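Let's learn to read a protein structure together, one feature at a time.

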Amino acid sequence: MPIDVSAALAAEPRRAEIGWHHKDVQLYHLGLGAGTPATDPDELRYTLESRLQVLPSFATVAGAGTAAFGGMGAPGIDVDLAAVLHGGQTVRVHRPIPVTGRAVQTSKVAAVYDKGKAAVIVLRTEASDDDGPLWTNDAQIFVRGEGGFGGERGPADRLTVPERAPDRTVERPIRDDQALLYRLSGDWNPLHADPAFAKLAGFDRPILHGLCTYGMTLKAVTDTLLDGDVSRITAYRTRFAGVVFPGETLRIRMWAEEGRVQVTVTAAERDDAPVLADTLVEHA
């Protein structure tokens with residue numbers, strides 16, 4: 001059934017109350033590989049409740065991981081989930097996320113773009129607490145076979161890789177059990193845990209969650225170029241360009257500019273196969 005763009009855009013936002021505790025934040029950070037070495041003071045700010053800070057990418061899992069696809073049930077959106085791909089993610093934080101909190105989160109379809117052979121649905125979730133707005137989350141969802149309806153093509157978000165060597169390059173190993181730990185933050189897709197299911201999807205073994213790679217990359221940039229201070233981050237976006245497997249190594253290249261860091265992420269063991277592209281961290 002084709003997407004009814006008018007109905008999708010006109011639908012009332014879905015509203016939900018969400019909450020999180022320091023244990024949810026710690027579990028999320030551990031799922032990103034935080035805590036190695038366990039007693040490193042720089043790692044304790046991600047793992048020890050008395051020193052805890054919250055990576056802005058936590059917004060993608062707050063409320064048990066509902067943020068990325070919270071609007072897929074909107075009126076006018078009736079698509080085959082087998083044709084759906086998570087194409088990109090943007091998080092904009094309006095102030096630091098508290099370690100423990102409650103918020104009202106609204107989800108809606110913010111835009112539908114026509115890419116010819118596919119449609120791109122932008123699902124927007126916004127969270128606010130008693131002190132005001134906390135974050136805005138945009139998930140770009142590609143739906144194969146749903147394009148060609150004559151709609152707007154949408155903005156071009158491609159970034160040109162700077163023609164100079166990266167300012168910093170770091171490598172981050174992915175533990176064999178990392179997907180099993182990360183999924184406890186709310187993404188229970190068996191693609192990331194069940195070898196038989198992964199084979200049905202065309203992979204020889206389970207793949208890591210794209211949003212786990214997303215969070216790992218933000219942590220690497222924060223620790224490498226932002227003095228480990230998550231409060232400096234204002235926005236973070238990426239395009240999911242390829243998969244990565246537990247046991248592999250992320251190679252994260254960073255180019256520092258005024259108020260922003262441009263990033264590429266590749267799989268080191270597979271000849272630098274692209275994993276994340278068009279990746280940008282904006283900061284104060």
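**Reading strands, cores and backbone angles**

Q: How many bridges join strand 2 to strand 7?
A: Five bridges join strand 2 to strand 7 (residues 233-240), and the two run antiparallel. Keep in mind as we go that this is a predicted model.

Q: What joins strand 2 to strand 5?
A: Nine bridges do, and here too the strands run antiparallel; strand 5 covers residues 132-144. Look for Arg92, which stands opposite Thr136 of strand 5.

Q: Why is strand 2 described as largely enclosed by the rest of the structure?
A: In general, side chains in a regular strand alternate between the two faces of the sheet. For strand 2 (residues 84-93), seven of the 10 residues are buried, so the strand is largely enclosed by the rest of the structure.

Q: Which residues have the most contacts inside the largest nonpolar core?
A: The general idea is that nonpolar side chains tend to be buried together in soluble globular proteins. Here the largest nonpolar core has 49 residues, and those with the most contacts inside it are Trp20, Phe58, Ile97, Trp135, Leu250, Ile252 and Val281. Helix 6 (residues 210-225) gives the most to this core, with seven residues. Another core, of 14 residues, lies apart from it, and its members include Val112, Ala119, Ile121 and Ile141.

Q: What is Trp20 in contact with, leaving aside its neighbours within four places in sequence?
A: Its contacts include Val25, Phe58, Ala62, Ile97, Leu134 and Trp135. Pro98, Val99 and Arg102 are also among them.

Q: Where is the cis peptide bond that involves Pro37?
A: Check the omega angle: it is about -5° at the bond joining Thr36 and Pro37, which is cis. Pro37 has its place in the loop between helix 2 (22-31) and helix 3 (41-47).

Q: What is the phi of Asp272, and where does this residue lie?
A: Asp272 is not a glycine, yet its phi is positive, at about 60°. You will find Asp272 in the loop between strand 9 (260-267) and strand 10 (273-283). Its relative accessible area is 25%, so Asp272 is partly exposed.

Q: Is Asp278 buried or exposed?
A: The cut-off for buried is under 20% relative accessible area. Asp278 has 8% relative accessibility, so it counts as buried. This residue is found in strand 10, and it has a positive phi of about 50° although it is not a glycine.

Methods:
Residues numbered from 1 in each chain as written. Predicted model: local features only at pLDDT ≥ 70, side-chain atom pairs only at ≥ 80, totals over all residues. Heavy atoms only, no water. Helix = DSSP H or I, 4+ residues; strand = E, 2+ residues; numbered from the N terminus. Buried < 20%, exposed > 50% of the residue type's maximum accessible area, 1.4 Å probe, protein only. Core = buried A, V, L, I, M, F, W, Y, C linked by side-chain atoms within 4.5 Å. Contact = heavy atoms within 4.5 Å. Pairing = 2+ DSSP bridges.
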